[in-house]
Each structure stands twice: as structure tokens, then as C-alpha cells.
Amino acid sequence: MKQALLFSVFIIASCGLAYELIAGALASYLLGDSVTQFSTVIGSYLFAMGVGSWLSRYIGQNLILRFIQVELLVGVLGGFSAALLFFAFTWSPAPFRLLLYLVVFAIGVLVGLEIPLVMRILKRDLVFREVVSQVLTFDYLGALAVSILFPILLVPHLGLIRSALLFGVLNVAVALWAWWLFREQLPNAGWLRAQGSVALLSLLTAFAAAGELTSLAERQLYADEIVHAESTPYQRIVLTRWKDDLRLHLNNNLQFSSRDEYRYHEALVHPGLATLPTARRVLVLGGGDGLAVREILKYPQVETVVLVDLDPAMTRLFASAPPLRKLNHDALNSPRVRVINADALQWLEESDESFDFVVVDFPDPSNFSLGKLYSASFYRLLDRHLAASGLAVIQSTSPLYARQSFWCVVTTLESIGLLVTPYHALVPSFGEWGFVIAGRRPYRSPQSYAVATRFLSPETTPALFVFPRDMTRVDAEVNRLNNQVLVRYFEQEWRQVIR
Amino acid sequence: MHRRDFLNSIAAAAGAASLAACRSQPPALPPGELLGTSLQIGHRLREQGLPAASETRKVPVLIVGAGVGGLAAGWKLAQAGFGDFLLVELEAEAGGNSRAGRNAVSAYPWGAHYLPLPTRESTAVRELLAELGVLHGDARAARPVYDERHLCATPQERLYFAGRWQDGLLPQTGVSADERSQYRRFAELIEGFAHRRDASGRPAFALPMALSGRDRDLLLLDRSSMREWLLAQGLDSPHLHWYVNHACRDDYGTSSAAVSAWAGIHYFACRDGQAANAGSDTVLTAPEGNAWLIAGMLRSIEARVGQRLQTGALAFRVDGGDGGGASDRPIAVDLWLAAEQRTLRVLAGQLIWAAPLFLVPWVFTGHGELKRAASSFSYAPWLIANLTLSRLPDERSGAPPAWDNVLYQGNGLGYIVATHQQMRVWQGATVLTWYRSFDELTPELGRAALRDTAREVWAEQILAELEGPHPNIRGLTSRLDVFRNAHAMVRPLPGLIWSDARTRFAADGERLRFAHADVSGFSLFEEAQYRGVLAAERTLRRLGVRFSSSLA
């Protein structure tokens, strides 16, 4: 009996420290500034424990019953704490802090009750000196064990949500064990056992479904139903649907909405390709969704479209899923299309093919890797694959939200001696969006479109090339591999938009 | 961390947890080789057990040593259209400290790995870069255009400090206002030296160092150590001292407490090179480190005068060239040809000694003063490791992976990423080159450690250190090769730079010239190349061959 209680001190001490560490780590992950998060979490937790210890004086009888109840409460509250906080954050960061300190305080109070209760239970069998010495020894040993296991085993291998659930299970197990040991002395023993079993079951279920919990949390982030989600070595692909609106997110950035993507892809392809009646060979870099290819295939003179996209999962998805094949008119299965899954930079370095029209449709330059795809070196490489009278079009982020970034792309293309024509179009789900046509010969915008379009018309085309005052040219440096200024511009400008 | 990144990391952790459950034992150390400079053949010098020559050959110009100095001498001779020379090298390949290795993933350096943008005075370096097609347009322009493939891509360097990566190498997080003001004061002092000219208009600290100012107060800086100099300026910030010490270890293999203040300041103040298409701190690099410069010089020599390199040849006896009445006789150099197991005697009309100067006492007969002078040179041992990884390792938070990645207060000097210049969006497998100097030991103890320590011990130390910032590096490392260099570079200790001992080797002889970075007192590409070109030009002049100088 005595040993059993002392062992349970070891367990509950580990659990107590674990919840504190989990709350601190979670707060640092989500809010940043780990020094502040850890010190405020630990401070409130210790204070709450003090409150718990003080409150223990009001527990007069039924010490064992109270102990079991406290354990069950700690187990459930602590066990679900990480998942709860995490969901709260995805729902809205604002009340998260309040909830964080509430949860920390509640767990702290309950944990503060534990040790005084155990000491009083043991006092019946031992002298006080022995009780203090043994209980505190196991208390501190438990803390040591967890503080070592936490960074080495638990966080890297289980993650925070599962670690919390694991300790919740341990707390509940202590409660059930205590119930078994003292079942003769307990009033309402059956009811208590039922409570314990429900708590244990729900914690175990949650532990088994932790992967599902993560995607459930993700679903909170996307307002719409997730119809496909996949993690590839390169990115996380998430496809959502709301009524007839399909949306593609790569690494949580919106790539298109099926409601207005035609505006984007018509604006990307036709102003350039409509002026090249003899274009036979077209290259698409990025754009594994096949939507730009769909527009290109409208031109009967185009014999070959080479699509180079890094991620085979992307092109496979858009070549196989029925709603996506419908959206891109089954472009990726066309006999005129050759899909190559390769790193665009490497492919351009190694290939010696040349093209009449090149569509460069990469993600925005949000990091140094992607920034390479907007560098002078990249454009020089691209130029080598452009036929003498060929044109390239480059998606160049928003000239309104990221004005200097947009004009940085223009400046960079000019720096390698290309003739450059910038233009823009409104895509409601993105906002005002920018493109740049580049080539070695002067470009004249099309007077008419030979193919069917929903957005572009000859009358409105000249307006694409007119930049209103808030988007006119600003100075920018040339984006080079050795300065990556574009990533800096882009980060600054989008940070202001998001605020 | 943004909350969406956090979501992803949770998702990834959930996946990793199921994998981790299957693996409990720590992975064994990755396989690899223990490489190094040729110890056995070099040590035969001490034993003097080599046979007498079986053949004698006359060569108008002999260059001993095909590192940067020897190759630069050969390059200049060939450029002048003079092909009557032989270039001999002890090792199996040319390159010295700029050699490289290569595997299926990438080429990688076994030593020097970058060249700062050349200074105005480094005219020969600029000329070489122009010939190799890396410097475009006028080679002497103030701000030339450089080939972007060789300009180090952003980000160039970062520091792992206080549990996270930061941009740049000067520690920033939690550094007090007083220390920051010391950072500024240090920068101002360096700026002052960088712009200073001596009484005759020379830059105070030039690269090549031979063109530096000679004002008395400047030369006096060579009397104290870099650390003493910092303290004398009232600079006692521990973070600043770490930074300066790192720089001294990185360039000289020697701590700031041991390096001459003149050499320490030279490191910071001499580099004023600029580019039209890069910031002034940018360096020129390549996956194989500086080996591309070696290959370029070899190509250039071969294209102009044909193959002139003989590897696996140990010069173990040099007789003659000792001034006086003997100057009308050629210098006899005995070469042990390891592959043929025989000795060849070369009668050299002119000798350019481009091997390290510590060999002089073992090889030269006579030349008492040179031998005494050579004994005042001290050499730092180095350890270099190349780690082949299936991908870049996981990161702690902070700045993204850079070319040069330094660990604050690390045993090693950090690592560079061989695939950094690769034109790839997605970094796959990579090679990390890790460096370690032995400045905490005496050079002799450092050499003993190099000689007696097994590769597995180094591998364990290296992985343990890198596991700090990269928790999963051990599992990703498929190969870990280690290279030992017992006499990697000369140590610019106080008093060496402006000593008679050093300047004695810089003098022009009738038949004998020295062309090694040792002659400058520190091991830099620019110095070695300058000494090589200078020795070649002096030789050409002596032989009456017309040429246009690369140094004027």
C-alpha cells in the first residue's frame, strides 16, 4: 500500500511537470518568444500549485475519494490540454492566451492538491518525518525523469498532442489503481470506476486518433470541406470544395479558385501566345495543375507542350481526379503534352530544347529557394531556351500588394537585356495580379483573339498594359542569387498586407 | 514560427512518431576513409635513406611544389611563352591546400574554399580570373562584373548562437548595449585602417601584403597579439573576442591570443574588393572550393606550353645556389620518383622553391642562414571532414541554411555546404565540409592528436557537435571522410611578418627564389599566387625573356 502510493507520487509528479512543459512549449511554438512564454507559464503554474496546496486544507474527509477525483480531473484536463489549446488557436489566436492561462491555472491547482493529499493519506501509516522525506524524494525524481524524457523522446517522437494524452492516461491509470487498492473503503465505488473508465477510454481513443486530430485542426484552418490532402516530399497539397468552388492550396497558400482561375490563366497565356501565330513548341514551368496548359491547347498550331513540374503527386492528381480533369479539360492527358517531373533549374541547365513560348508559373518568391527562380541567373538560363522570336511570360506577384517585388522582376528581366512588357489583371480571389512578357524582339499586344475566352477581349486588352497610379513603376534592385533582394521585398510587402 | 508552419510540423511529427517507434538503437557511425597529406613519403626526408640518382637531367627552370604558388609561377612562365620548365609535386595531384574530392553527390573541398573579391592591388588574381572567364570586361576596373555562378549565393553565412541560427557571424541575441557599442568601435577602428595610407601613399594593409604601408606605428602592431591589441583598445566584449578569435582560427589556424595583431587586423582591413554585380562582402566559391582555380591554372599551362607537371616526386636534396663563387653552377635537385622507385637528379638553371619553408632545413645543403630563418616559422595542423548527407539536415529555428554555417563556441569552425551554388530549387543530397583547427593545443600536440586519433573518434566528435543544431544529422550521414593536414599553414605569430627571417625568403636570388604563401607569413590564395607570379617574373627577367608584368 505504502509503496504503491509512493510510486504513484512518482507518476503524478512526472505528469505535473509534463503538463507544465507542454503548455510552455505549445505557447512558444504558437506565440513565439519562448523566454516569455516559458517563464509566464511556469510562474502561473507554480502559483496555481500554491493555491492548490492552500485549498487542500478545506478537504476534510474522504481523502482517498478526493485524491481519485483530482487524478481523474488532472488526467482529462491535462491530457486534452495540448489538443484543446491547439484547436483554440486555429479557431482564433485572440482568446488563446486567456484560455492558455486558464488551463495552466486549473491544472496547477489540481496538481497542487495532489501531494498534500497523498501526504495526509500516508500519514496514517508513517511518521511525519518519513512521509515528507519519501514523498518529496519521489516527487522530485518524477520531475527529473520527465524533464529528461521530454526533449529527447517525447517531443521528437510523439509530438505535443500525443505526449499530453499519454500523461493524461498515466494520471487516470493512477486513479484507477487507487480505486482498486481502496475499493473497500470508497463510497459509490461503482460510479467512480465508471468515470475512470470513460476518462481512460476517451484519452486512449484520442491518442490513437492523434493523426486525425491534426487534420481536424487543419480543417478548422480551411473554411471549406477538404476533398484531398496529401503531403509529398516537396509540399502539402490540399484541395477544398465549397459548393461548386474548388480551391487548391500548396503549403497553405491559395493557388487557384475554380470560380475565377480562368481570369488568371487567360491573362497568363493569351496576351503572349495570341501574338505568336506560328508558335509550335511551348514550355510551361510550374503549373502542374494543367490550367495554363488547357489555355495553350486551345491553339491548334501548338504541336508540343512540355510541362516541367517538380512534384509528381501534383501532375498525377491533376491527370487523374475527375473533377480536376474536368477543370483542366484533361489537358495533362493530351497527346500533345509531355509531363516532366524535374527541378526546373536543373532541367533548364541540362536540356537543350528551345521553345517559341514559355510560361513561367512558379509560386511567389517567399523563400530563398523560390527566390532563385526569379533571379537574373535563372532568366539568363531561360533566355537560352527561347527561340529567336519567342516570348516568355512570367507570373510576377501582385503589383498592388507587392509593388516593389513586381517591379523588381521587371528590372531583373531588363538587366539581362530582354525587352519587357509588364501588365496586370484582376483575379478576385487573389486581387490585382501582375505578369511580365519578355523577349528579344519588341512585343505588340494582340488585336484579336483567335480562341474562345471568357475574360479577355480585344477591347479590354489595352487596359491590361496601363498601370494606375498606385501600381506604377518604383525603383528596385536586380534580383541576383547573391543578394536575393526580391525575397526581402516580398516579405516586407506581404507582411504589411497581412497586418 | 507561423501557426500554419506549426500545423505542418505537427503533421510531420505524427508521421515521424510511427517511424521512430521501429528504431531504437542509435545508428552506427557512417563509413569513410582517413586521408591526409603523404606522411610516409614526406617522412623519408628525415630518414635520408633515399638512393643516389640513376639519371641526371638538365632543366632551365625547376619549380618544386604544385600548390597555388608553384602553379602560379608555371602559369606566368607559360603566359610569357616560356615552356622550358618542370613542375614537380610530392603528392599524387596538384593543388596543395586547394585540393578537392568528388563523389556521386558533389565535388567538395579538402581545404581552401573561397576567394574574396580581389582587391585593387591583386592584379595577378584579377588577370587569372579574367582568363578563366569569371571576371568580365576590364580586369583592373574598380568594380568588375563577376560570373554569378561563382559569386556565393545568398545567404552567405549564419551563426548558431543561443539555440537558434542568426544571420551573420557577430552574435546578436541578448548581447548588451555596451558590447554592441564595442562592435561599432571595432568596426570603426578597422574602417580607419582600411582607408589609411602610409607616408608614401601605400595602403596600410594591402593584399598582397608586400604592398602594405611601412609606417612605424603600423609595423609595431606586429609586436603584440591580436587579443592584446583588442584589450589595449578597451575592447573586452566576450562576444567580440569570440568573433575575432573565430576569424583568426579560420584564416590562420591560430587563436587571437597567439596571432600577431598586424596579421589579425590585416584579415579585417585588407579586403576592399568590389563587384558591379555583388556586395563587397561576397566571396567567389565553387562546390570544389578553390580547386577550380587550380584546374584553371593547369589548363592554362597545358594549353600554352603543354604538360609540365610531374606528380609523386619528392625533392629531398637541393645543392647549390648558395651565392658566392658557386653561382655559375646550376642547382642540383634530387627527386625521389615514388612510382619508379628511383632518384632523378635535375640540374636546374633556375629553381623556384614553391613548397613549404619548413622543409628547407631537411632538404637544402649549405644555406645556413636560410635554414636558421626557416626554423622561426611555425605551422598549424588542420582537420577537415566531408559529410555526405541524403538531404540537408533538420534545423532548429532561425535563419535558413547558408553557405558557411558556424557554431558559436564550437570545437570546429563550422561547415560549408558544397551544393550551395547548385542551380536547384529543391536541395537533395548534399556534402558538408567541416573544419577544425587545433589552436587550443600547441602545434606539436595538435599533430600528435592528428597522428594518433582514429577516424571513428573524429566522426563521433563531429556528429555530436553538429547534432546540437541538427538533431537528425547522424541518421542522414551516409559517409564521413576525414583529411589530416599536419602542416596545413604557417602561423603569423607576433614578430614573424616584419622579421628578417621572413623577408630573407622574399629576396631575389641569382638562381634561387621562394614562391610560397609562407613567404608572406600567412596562407592566402592571393599571397601564394603573388609569390608565384613574382618569382616567375624575376626568373624571366634573369633569363632575358620578354613579358608583360602582371604585378605592375
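Modeller: Two strands pair if DSSP finds at least two bridges between them, and the strands are themselves DSSP runs (E, at least two residues), as helices are (H or I, at least four), numbered from the N terminus. This is a predicted model, in which local features need pLDDT of at least 70 and side-chain atom pairs count only at pLDDT 80 or more, while totals for chains, interfaces and linings use all residues. Residues are numbered from 1 along each chain as its sequence is written, and chains are lettered from A and ligands numbered from 1 in the order in which they are written.

Biologist: Which residue stands opposite Leu159(B) in β10(B)?

Modeller: Leu159(B) faces Gln166(B) there; strand β9 (157-161) of chain B runs antiparallel to β10(B), and 4 bridges join them.

Biologist: In what order do the 8 strands of the open sheet in chain B lie?

Modeller: The order is β1-β20-β16-β19-β18-β17-β9-β10 in chain B, with mixed pairing, and the edges are formed by β1 (34-36) and β10 (164-167) of chain B, each of which pairs on one side only. From one strand to the next the twist averages 25 degrees, where axes are lines fitted to C-alpha atoms (for helices over the stretch in contact) and angles run from 0 to 180 degrees between N-to-C directions.

Biologist: Which helix packs on the sheet, and which strands does that helix touch?

Modeller: Helix α13 (443-452) of chain B touches β16 (379-389) and β20 (477-490) of chain B, and its direction makes about 35 degrees with that of β16(B); contact requires C-beta atoms, placed from the backbone, within 7 Å. In total, chain B has 17 helices and 21 strands.

Biologist: How is chain A divided into domains?

Modeller: Domain bounds come from an automatic or database domain assignment, and chain A has domain 1 (2-215), domain 2 (221-253) and domain 3 (260-498). The C-alpha centres of domain 2 and domain 3 of chain A lie 22 Å apart, and their contact takes 10 residues from domain 2 of chain A and 10 residues from domain 3 of chain A.

Methods. Contact = placed C-beta atoms within 7 Å.
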